[in-house]
Amino acid sequence: MRELRWLSLATVLGAWSVIVIGGYVSHTGSGLGCSELIACGTPNDPVAAFVESMHRLAAWVEGLLVLAMLVLALWRYRTWTRVRDLTVLAFVLVAAQAGLGILAVMTELNALVVTAHLGVATAFLAVTVLNAATIFRGAPPMDAIARGPATGTPNTG
Ligand code: HEM
């Protein structure tokens with residue numbers, strides 16, 4: 001349970017950090033600072049490249065945290081349906097977000113794509129917060145198993 005709690009908090013903090021760095025990328029015009037799509041290769045503008053690469057690095061770390069949580073949720077907490085579903089949703093959103101980030105670079109910051117990137121970011125943060133709140137309010141899923149079929153609200157008392 002402790003590792004699930006720590007991971008859920010880490011994903012909230014990670015999501016918030018990537019969003020704040022993303023805002024800085026946007027407001028400093030660093031979105032096209034990297035000459036390569038996935039990693040940051042030979043930069044034209046070293047400052048912009050640094051800012052954009054920090055955003056990508058933070059996004060990768062966040063993606064790995066969500067992946068670790070997905071593995072844990074499916075492996076040890078499958079019966080805690082609300083947590084399982086929110087974690088799956090978080091994973092889908094973070095993957096879609098990475099896709100939109102890549103698309104934003106490919107389209108040279110098309111306004112619709114960048115707006116969608118912002119929209120998914122806020123939904124993603126909301127899902128991580130809701131998941132962490134559910135985990136901190138709930139009891140270990142063993143309780144849910146003992147009481148019968150999982151309902152998604154393991155701790156009612
Ligand atoms: C957890 C994943 C990610 C989150 C939560 C996230 C979030 C954000 C946010 C909130 C912004 C600011 C948008 C705005 O001010 O309108 C932003 C900007 C940006 N992001 Fe991401 N991002 C993620 C991953 C990525 C990835 C993987 C890439 C590229 C490979 C990327 C590329 C960009 C670019 C190029 C911008 C600048 C857009 C502009 O200049 O207006 N993002 N991101």
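## Contacts of Val 83 and Asn 131

In this predicted model, Val 83 touches Ala 73, Tyr 77, Asn 131, Thr 134 and Ile 135, when residues up to four places away in sequence are not counted; two residues are in contact if their C-beta atoms, placed from the backbone, lie within 7 Å. The model is a predicted one, in which local features need pLDDT of at least 70 and side-chain atom pairs count only at pLDDT 80 or more, whereas totals for chains, interfaces and linings use all residues. Residues are numbered from 1 along each chain as its sequence is written.

Asn 131, one of these partners of Val 83, is found in helix α4; helices (H or I, at least four residues) and strands (E, at least two) are DSSP runs, numbered from the N terminus. Although Asn 131 and Val 83 are 48 residues apart in sequence, their C-alpha atoms lie 6.0 Å apart in space. Asn 131 counts as buried because it has 26 C-beta neighbours inside 10 Å, where a residue is buried if 20 or more other C-beta atoms lie within 10 Å of its own, exposed if 12 or fewer, and partly exposed in between, with C-beta atoms placed from the backbone. Leaving aside neighbours within four places in sequence, Asn 131 is in contact with Ser 8, Val 83, Leu 86, Thr 87 and Ala 90.

## Nonpolar core and overall fold

Val 83 also belongs to the largest nonpolar core, which has 21 residues and in which Val 83, Ala 90 and Phe 124 have the most contacts. Such a core is a set of buried Ala, Val, Leu, Ile, Met, Phe, Trp, Tyr and Cys residues joined through C-beta atoms within 7 Å. The elements that give two or more residues to the largest core are α1, α2, α3 and α4.

The secondary structure of the chain comes to five helices and zero strands, and along the sequence the pattern reads α-α-α-α-α. Of the 157 residues in the chain, 30% are buried, and among contacts with a separation of 6 or more, 63% join residues 24 or more positions apart.

## Helix α1

The 26 residues of α1 should span 38 Å at 1.5 Å a residue, and the end C-alpha atoms are 38 Å apart, which agrees; the expected span is 1.5 Å times one less than the number of residues. Buried in α1 are Leu 4, Leu 7, Ser 8, Thr 11, Gly 14, Ala 15, Val 18, Gly 22 and Val 25, and the buried residues of this helix pack against α2, α3 and α4. After α1 comes Gly 29, whose phi is positive, near 65°.

## Surroundings of the ligand

The ligand is surrounded by 25 residues, the closest being Gly 22, Ser 26, Gly 31, Ala 59 and Gly 101; a residue is near a molecule if its C-beta atom, placed from the backbone, lies within 6 Å of it. Two or more residues of this shell come from each of α1 (2–27), α2 (46–76), α3 (81–106) and α4 (111–137).

Most residues other than glycine have a negative phi. Glu 108, however, has a positive phi near 55°, and Leu 109 has a positive phi of about 65°. Glu 108 is exposed, with 9 other C-beta atoms within 10 Å, whereas Leu 109 is partly exposed, with 14.
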